[in-house]
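This report describes selected parts of a predicted model. Please consult the sequence and structure shown below while reading.

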Amino acid sequence: MTRVHNLGFPRIGHKRELKKATEAYWAGEMDANQLEAQGASLRERHWRIQQTCGVDLVPVGDFSFYDQMLDMSCTLGAIPPRYGFAGKQVDHDTFFAMARGSQSQPAMEMTKWFDTNYHYIVPEFHEAMEFSLRSDRLFDQVREAQALGLNPKPVLIGPITYLWLGKEKDLHTPIEEAGHRHQEGCAGHGAAARHTAFDRLDLLARILPVYAQILQRLAEMGVEWVEMDEPALVLDLPTEWVQALKDTYEKLSLGKHPKILLATYFESVAEHADLLKALPVAGLHLDLCRAPAQRDVFLQNYPGDKILSLGIVDGRNVWRTDLDVALEILAPAARQLGDRLWIAPSCSLMHSPVDLAQEQELDAELRSWLAFAVQKLDELHILARALDQGKDAVAFELADARKAAASRKSSPRIHNAQVETRMAALGNDDGHRSSPYPVRAKAQADRFHLPPFPTTTIGSFPQTPEIRRARLQHRKGELTDADYRKAMEAEIAHVVKEQERLGLDVLVHGEPERNDMVEYFGEQLAGFAFTRHGWVQSYGSRYVKPPLIFGDVARPRPMTVEWARYAQSLTQRPMKGMLTGPVTILQWSFVRDDQPRERTALQIALAIRDEVQDLIQAGIGIIQIDEPAYREGLPLKRKDWDHYLAWASRAFRISAQMAPDDVQIHTHMCYSEFNDILPAIAAMDADVITIETSRSQMELLDAFATFNYPNEIGPGVYDIHSPRVPSVEEMVQLLEKAAKVLPPQRLWVNPDCGLKTRKWAEVTPALEHMVKAAEEMRKRLG
C-alpha cells in the first residue's frame, strides 16, 4: 500500500483562531492556560482533518504559537543570554520576548524562510553556548496525538539546517554593536556573514547530544517515524557543511531512535544523491514539484532498505494537481519501490490556505481550478488509491480533474489580446529613464528643497479598529460608497495633520483604504481573483491573503490617484504616491503556472507604469514603488540568479520608466541581505531606496558603501515589528553609524517598514523621536 503522509498543516485555523488567541494573550486578555487550550483545540482539529483525508502519519511539531525555528531554539536551549532565562522550561514570556522584543531588549532577528514569504526567527549563537533540552512542548504534543488514537510523526528542523540558518554573535560586544546580522544570501539562501572568531559549525558537536536525547525520548514514547527537515541541502552549501551532514546522521544513528525520514524541499538535491542514499536513515523525501528531474537520479540504485517519499502535490500554490501527469511521474517509482513508495505534498502545507470549502463566493469555474491544503490531501489520497487499486478505482475523480484542467486551459478569462499587443510592443525595451541619476537628483533638489536627513515613513499608518470596521461594513453593504469615502478621507486628514505636527518632511496618506499592499492592487487589476478566507502566515500573528493571478494582467482604471490627490490637497509638503512593485505583487500572490513568471511580472509592470503616469499627471512628485520581495524571488541555486535578476530589475524599471527627471522614484526593501545582489539593485535605478537596518544595527550599509551605491538611501532607524519605542539617542547612534559609511547628503531618515500593524500609542512617540534624531544629526553635522 502506498503510504500518504504530510510534512505540515496550516497552523492558523480556519478562522484565524491562532492569531486571535496570541494577540489576546499579548494584550492580557487571555492567560497562558487559555492560550494552551486554544492551541490544543487547533491541533486536534487539524489532526482529525488530516486523518479524514487519508493521512497515515500526522505531523506533530508543525504547530507553533509563533515560529517553528523559534520552537527549535527553545527545545535546544539556545536562548540568548540577554533575555535572562535561567529556568528548566522556556516560558511563554521568554518565548514571545525572543520573537517580539520587550521594552528592555530587542527581538531576535527575523528573515525569510528560503524563497517563501514566511519569516523565521534567526537563531543566535555565541562561542561558549551550551545546549540542553529546555522545552517539552514537542513531547507533550506527541502525547496529545497518541491519546487521540493517532500515529504521530514528529517534525524537527535538522541540525545542519538549524545551524546553517542561524548566526554567530560576540557576547563581548554590546548588543547595540553586535546587532542582528542578516543572512548572506538571505531569505534563508545562504550562511550568515560571520563577524566573530568562531564558526557556528563548531557547535555541531555540542548540539548533537540534545538531538540524540530528543530522538531517544521519542523512541521511548513509541514513536515509529520522525521527520528531520534539512532543506538547507538544496542550497550551495560549502563542502565542510555537506561532510558534516554525513557525520551528523551517522552519530544520530548510534543511539536509540525512531526511523528517520530526512526531508528536503524547495529545490533539487540531485547533486547530493549518492551521499543521501548512503546515509543511515530509513527514508528520504524529495520535492518533485520544484525539481521533478531528480526522481530518476534517486531511483537509480536506490537502496532496498529505504522508503522514498515523493512530494508530488505542490505545497506552495493553489492550483489543482494534474492527476494524470502526477501518476505518470509516480509510475516508475511505484513499479520499482512498491510499498516503499510514500507520497506527500512537496513541502509543508503551511504555505497554502486551509480549506477551499470556505470559499463560497468564488465563481464555480475559478473554484474548480483550485486546491487548498485540505483539497491537496484529498488529491494525495486519490493518487494513492490509483497506484494501489488502478485508475478505474478513481475514474470519477480523474475525470473531474481532467475537466477542470481543460476548462482552465481554454477559458477566455485567461488571455487578454490587448495585453498581448502591449507585451509584443515592449520588445527588448529595458525601461531606463531619460536621464541618469545625477541629472535627476539636481532636478528633484530644485523642486522639493528638502533639508539634510529628510524624514519620511514607509507608507502605512496604524489600521485602527475603526478603519477595519468601516471597511467591513462597506464590504457588507452596510456603509455606502459615499460614507466609506468620507470615513477614509477623515482618516487621511488625521494622518496628514499628525505628520505635519510631528515635523515630517515627506508625507504619506497612511493607506487607510488598503487591506493589504498586494491585495489592494490585485482587486483592481484584471487577471486577479480573491478569496475571503485564503489566509497564510507571514510571521507570528501577521497573516496575509495572497491574490490569485489566473490570467493576463491589465489595469482597467486608476487605482490610487484619487486618494493621493486628496491627500496632497491637504498639505504644502510633498506627498508620496504609494504603489507596490511588480516583483512583490508577483511574489506575494499565488501565480498562474501556465506561463513563465517573468512574463507575468512584465504584465504587472506595464499596469504599474500606467498608474505612475496618472499619479504624475495628478501632481504627485514623489512616488514609492515598494519591492520588499525583490530578494526573496532570488532562485535558491546561484546558477539561476543572473536570469532572475535581469528580468526583475527590468520589470521595476519599466514600472517607473515614465517619470520625468524632477519626479523622485523611491523603492523599499526589508528583511533581506543585499551584499551579493547590489549590482542588480543599483540597476533598478530608484532615486531613493529605503531599507530595514535597525535590527542589523546599520551593518547592511557596509555593503552599500563598499559597492559605492550611487543613489540615496533611507536606512530604517527603528524596528516596527516590535512594540518597543527606541530613544532619540539610539536613533542618533544609528544615524551616526550610517553617516560614517555613506555621504550624509544622501541619507534619509525613516522607520524600517510600514506602520500598519502598530498602535498610535507606539507610533507617535517613535516618530517624535525619529524627527528629533534627524534634527540632532543636522546640528551635529552642520
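## The start and end of helix α2

The N-terminal end of α2 is capped by aspartate 31, which places a side-chain oxygen 3.1 Å from the backbone nitrogen of asparagine 33. Just after the helix, glycine 54 adopts a positive phi of about 90°.

The length of α2 can be checked by a simple calculation. The helix comprises 21 residues (32-52), and at 1.5 Å a residue these should span 30 Å; the end C-alpha atoms are 30 Å apart, which agrees.

## The two faces of helix α2

Buried positions in α2 are Leu35, Gly39, Leu42, Arg43, His46, Trp47, Ile49 and Gln50. Viewed down the helix axis, these buried residues fall within an arc of 155°, so they line one face of α2. The face turned away from the buried side carries the exposed residues Asn33 and Thr52.

Several elements pack against the buried residues of α2: the helices α1 (17-26), α4 (92-100), α5 (137-147) and α14 (373-389), together with the strand β2 (58-60).

## A sheet of three strands

Elsewhere in the model, 3 strands form an open sheet with mixed pairing, in the order β13-β16-β18. Strands β13 (526-529) and β18 (590-591) stand at the edges; each has a single partner strand, so one side of each is left without a neighbour in the sheet.

Strands β13 and β16 (residues 548-554) run antiparallel and are joined by 3 bridges. Alanine 529 has leucine 548 of β16 as its bridge partner. Helix α23 (residues 597-617) lies across β16 and β18, and runs at about 55° to β16.

Terms used
Residues are numbered from 1 along each chain as its sequence is written. This is a predicted model: local features need pLDDT of at least 70, side-chain atom pairs count only at pLDDT 80 or more; totals for chains, interfaces and linings use all residues. Side-chain values use heavy atoms; hydrogens and water are left out. Two strands pair if DSSP finds at least two bridges between them. Helices (H or I, at least four residues) and strands (E, at least two) are DSSP runs, numbered from the N terminus. Contact means heavy atoms within 4.5 Å. Axes are lines fitted to C-alpha atoms, for helices over the stretch in contact, and angles run from 0 to 180 degrees between N-to-C directions. The expected span of a helix is 1.5 Å times one less than its number of residues. Buried means under 20% relative accessible area, exposed over 50%, partly exposed in between (1.4 Å probe, protein chains only). The arc is that of the directions from the helix axis to the C-beta atoms. A polar contact is a pair of N or O atoms within 3.5 Å; within protein, one must be able to donate a hydrogen and the other to accept it, and residues adjacent in sequence count only if both atoms are side-chain atoms.
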